[in-house]
Amino acid sequence: MKQLIADIRKDYRQHSLDEADIAADPFAQFERWWNEALASEIDEVNAMTLATASKEGIPSARIVLLKGYDERGFVFFTNYESTKGKELQQNPHAALVFFWKELERQVRIEGKVEKVSDAESDEYFHSRPEGSRIGAWSSPQSAIIANRKIIETNVTQYTKRFENQDIPRPAHWGGYRVMPASFEFWQGRSSRLHDRFRYTLGNGNWKAERLAP
């Protein structure tokens, strides 16, 4: 018999999160959970949902990969002319969500967004495999195209253009940094009575509060 979607559920029992467990600083708390996620050998542990919105407030979301973080924020790279790039130009705010199902954990981050420096974008771009660097030149990301042949032709052309030379970073490609104004750490618990702690930034200080599940 076909299973009803409404009947799909899992009871979370692995961990708990208490006031005594959390760090005073959300970046330190993220570091703890990040290291535990790495140790758990989660597949694509750096995959995160990125939500942006147009100037009219119409949202869109997609999965991107975290490529670095520090006390300034969380960094990802993309085509500036993509849908997300255009939306961030109009409305420089975003939300991130990490979901590590193996640990029954979720982290939400919200804040303003800025482009990283050219030097940071250059450094990361030149660390990428050659195929990915060619791909950044070859794909007019989010644009409507007639068929895949267009991309394949572009790849051939740019591969020939940059043969036997360093592939430069295209001006339309680089990094963004999400600068958190709030974090939420969610630990799954039994009977949907999850542990949730939200950190908010005010006057340069972080305040942690428990939220009802």
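Arg177 lies in strand β7. Helices (H or I, at least four residues) and strands (E, at least two) are DSSP runs, numbered from the N terminus. The model is predicted: local features need pLDDT of at least 70, side-chain atom pairs count only at pLDDT 80 or more, and totals for chains, interfaces and linings use all residues. Residues are numbered from 1 along each chain as its sequence is written, and side-chain values use heavy atoms, with hydrogens and water left out.

Arg177 counts as buried because its relative accessibility is 3%. The cut-offs are under 20% relative accessible area for buried, over 50% for exposed, and in between for partly exposed (1.4 Å probe, protein chains only). Contact means heavy atoms within 4.5 Å. Leaving aside neighbours within four places in sequence, Arg177 is in contact with Arg72, Gly73, Phe74, Val75, Lys112, Val113, Glu114, Val116 and Glu120. The side chains of Arg177 and Glu120 are joined by a polar contact of 2.6 Å. A polar contact is a pair of N or O atoms within 3.5 Å; within protein, one must be able to donate a hydrogen and the other to accept it, and residues adjacent in sequence count only if both atoms are side-chain atoms.

Side chains of opposite charge can pair when their charged atoms come close. A salt bridge is a side-chain nitrogen of Lys or Arg within 4 Å of a carboxyl oxygen of Asp or Glu. By this rule the count is 21 salt bridges. Arg177 forms one with Glu114, with the closest N and O atoms 3.1 Å apart. This pair links distant parts of the chain, Arg177 in strand β7 and Glu114 in strand β6, 63 residues apart. Glu114 is partly exposed, at 33% relative accessible area.

Strand β7 covers residues 173–187 and pairs with β6 in the antiparallel sense over 11 bridges. Two strands pair if DSSP finds at least two bridges between them. Glu110 stands opposite Ser182 in β7. The side chain of Glu110 also meets that of Arg108 in a salt bridge (3.2 Å, N to O). Strand β6 (residues 105–115) pairs with strand β5 (residues 93–100) as well, antiparallel and over eight bridges. Here Leu96 stands opposite Ile109 in β6. The hairpin of β5 and β6 has four residues between the strands, and Glu104 takes a positive phi near 55°.

Another salt bridge joins Asp195 and Arg210, with the closest N and O atoms 2.9 Å apart. Asp195 is in strand β8 (residues 195–202) and Arg210 in strand β9 (residues 205–211), 15 residues apart. Asp195 is buried, at 6% relative accessible area, whereas Arg210 is partly exposed, at 37%. Salt bridges that share partners join Asp18, Glu19, Arg189, Asp195 and Arg210 into one network.

Rings of Phe, Tyr and Trp (its six-membered ring) pair if their centres lie within 6.5 Å; planes under 30 degrees apart count as stacked, over 60 as edge-to-face and the rest as tilted. The whole structure holds 27 aromatic pairs. Tyr69 and Phe74 are stacked, because their ring centres are 5.5 Å apart and their planes stand at 15°. Phe74 is buried at 0% relative accessibility, while Tyr69 is partly exposed at 22%. The rings of Trp137 and Tyr158 also have centres 5.5 Å apart, but with planes at 35°, so that pair is tilted.
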